[in-house]
Amino acid sequence: MSKSAAKNVGYIAEYMVLVVTIIVVWIVMGSTGHLNPVIMPSPGKVGNTIVSLVASGELWENLAVSVLRVLQGYLLAAVLGIVLGILIGLSHHLDRLTALLIQLIKPIPPIAWIPLVILWFGIGESGKIFLIFLGGFFTILINVIDGIRQTDVKLIEVSKSMETPFLKHIFLMVIPSAAPNIFTGLRTGLSSCWMCVVAAELVSSTTGLGYLIMNARQFGKTDVVIVGMLTIGIIGKIMDSLLRLAEKRVIRWK
Amino acid sequence: MQNHEKEQDYISVQGLHKYFIQRDSEKLQILEDINFGVKKGEVICIVGSSGCGKSTLLRAICGLDTEHSGTVTIDGEEVTGPNRHRGMVFQEHRLFPWLTVAQNVGYVLQGLSKEEKREKVQKYIDLVGLHGFEKSYPRELSGGMAQRAGIARALVNKPSVLFLDEPFGALDAFTKISMQKELKRIQKKSDTTMLLVTHDIDEAVYLADRIIVMSERPGKIRRIVPVELTGHRDRNSYEFVAIRKIIYNEFFDESNGE
């Protein structure tokens, strides 16, 4: 084995060690009878549940519903967050006009919106999507505004002194300069959206991963609860990795 | 040097004063009564110690800063702001980090076909000796190379005048000398009018047709020294050193010896 390959194995081992340790401790505790199966099922039980949920299609169905909801709310949040963020970031008037409102609404957790959202939208899809949108929107908006604001004034001066047309200035100067912040916003926004979809489904839904978890709790099926939680974790991680990959592709100059 | 004596000044600076308003609302004079003219194709170096207002003066002439009294005209028109027919090179290269060298150089070009644009960009990249680095990002370039790219960007739109604000100030001594040679070669080839701000006396004597010596606080023109050296300028020749001494003596009192 070459030296760098050995190093890689070392990195991967370091990356995995905590997760593997937890699973091992879990297995050992389960097999020695230290776990109350009602409160905390054994890994074997959870494994069986995964297989049966996958086989029955129940996991996929609920996963697909949740993913679709997240994507809709997130897309809305991303588009509006980026467009409004750029406008606010560019205009000091618009910034002063909106700053107080943004600062007041931002600290309200999306979960606190649920009662109003149910009243406004009912328990249909649009309310959930609105909630997910709320979760992602402010995070993305604020990061985009910051990014635009941090544009190097010396570089702006260069672009302005070349009498660059407005749209060219925006797309070749302002947006690339803010791109790292925009991606930070997109990534933290996505995880907020996941929190919101589960919250929305816990309260008012008959589908989705949040519903799967809540429903299982009522029947004392902790194994299903854990499968639901793991699924959310894994999908969230995969989506974040995809965004990181996109970031690396887009920001090639760093 | 060409014979432009009878020609009207291409750039004219008249009665230029500038103040900064300080925190206690007191006026601090930065530039006092600056008057001079530049002929087409001429190279002018503005020399002064740091803080003497020479960069402020350059910013006023190129239009980046318009808050001053007095007038600046270029080609008979009053300067009210920068425009893309005048090139600018700054001390920092100021390339856009997200664009490649070729994209940076081509940024200013408008209304050209792709092919025309590519040809122009390539011509100026070659001119500054960056052939092969078209697709590099600024962070992949050394300081001298980045500054070359900055010069190519300033030249690509065929500016009628090129403003340079301590363009080689951040480079090491060796790179600096080779860049000065390059700039001289480029200037001769393109016959661009140039206004260069520097605190390097050697650089000024090497490049300039005339040197404007500035005094500090407030920034005033102390003296304008013509550099009447023909042909190749040897930094160690007697004539070169003599002019350097004139400028040097404007700043440092040599009467009591070293």
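Colleague: How much area do chain A and chain B bury between them?

Modeller: About 1,900 Å², with 61% of it on carbon and sulfur atoms. Buried area here is the accessible area (1.4 Å probe) that two parts lose on being put together, summed over both. Bear in mind that this is a predicted model: local features need pLDDT of at least 70, side-chain atom pairs count only at pLDDT 80 or more, and totals for chains, interfaces and linings use all residues. Residues are numbered from 1 along each chain as its sequence is written, chains are lettered from A and ligands numbered from 1 in the order written, and side-chain values use heavy atoms, leaving out hydrogens and water.

Colleague: How many salt bridges cross the interface?

Modeller: Four, by the rule. That rule wants a side-chain nitrogen of Lys or Arg within 4 Å of a carboxyl oxygen of Asp or Glu. Arg84(B) and Glu163(A) meet in a salt bridge at 3.7 Å, N to O.

Colleague: What about polar contacts across the interface?

Modeller: Nine residue pairs, both residues at pLDDT 80 or more. A polar contact is a pair of N or O atoms within 3.5 Å; within protein, one must be able to donate a hydrogen and the other to accept it, and residues adjacent in sequence count only if both atoms are side-chain atoms.

Colleague: Now the sheets. What is the strand order in the six-stranded one?

Modeller: E6-E7-E8-E3-E9-E10 in chain B. That sheet is open, with mixed pairing. Two strands pair if DSSP finds at least two bridges between them. The edge strands are E6 (86-89) and E10 (220-226) of chain B. The twist averages 15° from one strand to the next.

Colleague: Do E3 and E9 of chain B run parallel or antiparallel?

Modeller: Parallel, joined by four bridges. Ile44(B) has Arg210(B) in E9(B) as its bridge partner.

Colleague: Which strands does helix H7 of chain B touch?

Modeller: E3, E9 and E10 of chain B. That helix, residues 238-251, makes about 170° with the direction of E10(B). Axes are lines fitted to C-alpha atoms, for helices over the stretch in contact, and angles run from 0 to 180 degrees between N-to-C directions.

Colleague: What about the four-stranded sheet, what order there?

Modeller: E2-E1-E4-E5 in chain B, open and antiparallel. E2 and E5 (77-78) of chain B are the edges. Helix H1 (residues 54-62) of chain B packs on this sheet, touching E1, E2 and E4 of chain B.

Colleague: How many residues lie between E1(B) and E2(B) in the hairpin?

Modeller: Five. Ser25(B) in the turn has a positive phi of about 55°. Eight bridges join the two strands, and Ile21(B) stands opposite Lys27(B).

Methods: Contact means heavy atoms within 4.5 Å.
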